[in-house]
Amino acid sequence: MSKRLRIIIGAAAPLAVAVLFALRNYIIGFEKHFPECYVHKMTGLWCTGCGNTRSVNDLLHFRIITALRDNPAMPFIAFLLLMLYLETVIGISGREVKLLPRKGLVWGLIIAAFLIFYVLRNIFPVLGPVS
């Protein structure tokens, strides 16, 4: 990635996050227009996407524990984006740093852990999204 592109990303990303937080109440207002999960409605089971909207809402209000409970995928994605941003910003100085693993096995284990969690939250109600 070129230094110029890194600088643009380094400046634009915090600006985008600031706008996101400034408009969070408007963004969250769109939640009522989203349809109910058809999988949960028809089967009573939590699908892999159940709780994502609530999780994002919690993240925008800095309720990290509740966001993890609603759906850990959203806080994990936020963490990944932060690590990628830090890699980019550190790269501006010319120092290449890899904060995230690049091996397929690691990502396979992460995906397996998420899939196991999604099965377990249908077995143990305490792992399901907060209503």
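At what angle do the axes of helix 4 and helix 6 cross?

**View 1. The crossing of helix 4 and helix 6 in a predicted model**. The axes of helix 4 (residues 52-60) and helix 6 (residues 73-92) come within 8 Å and cross at roughly 50°, where axes are lines fitted to C-alpha atoms over the stretch in contact, and angles run from 0 to 180 degrees between N-to-C directions. Helix 4 is therefore oblique to helix 6, a word kept for angles that are not under 35 degrees (roughly parallel), over 145 (roughly antiparallel) or 65 to 115 (roughly perpendicular). Asn52, Ser55, Val56 and Leu59 of helix 4 make the contact with Ala73, Met74, Pro75 and Ala78 of helix 6, contact meaning heavy atoms within 4.5 Å.

View 2. Leaving aside neighbours within four places in sequence, Arg6 is in contact with Met1, Glu87, Thr88, Gly91, Ile92 and Glu96.

**Notes to the views.** Helices are DSSP runs (H or I) of at least four residues, numbered from the N terminus. Residues are numbered from 1 along each chain as its sequence is written, and side-chain values use heavy atoms, leaving out hydrogens and water. In this predicted model local features need pLDDT of at least 70 and side-chain atom pairs count only at pLDDT 80 or more, whereas totals for chains, interfaces and linings use all residues.

Note on methods:
Helix = DSSP H or I, 4+ residues; strand = E, 2+ residues; numbered from the N terminus.
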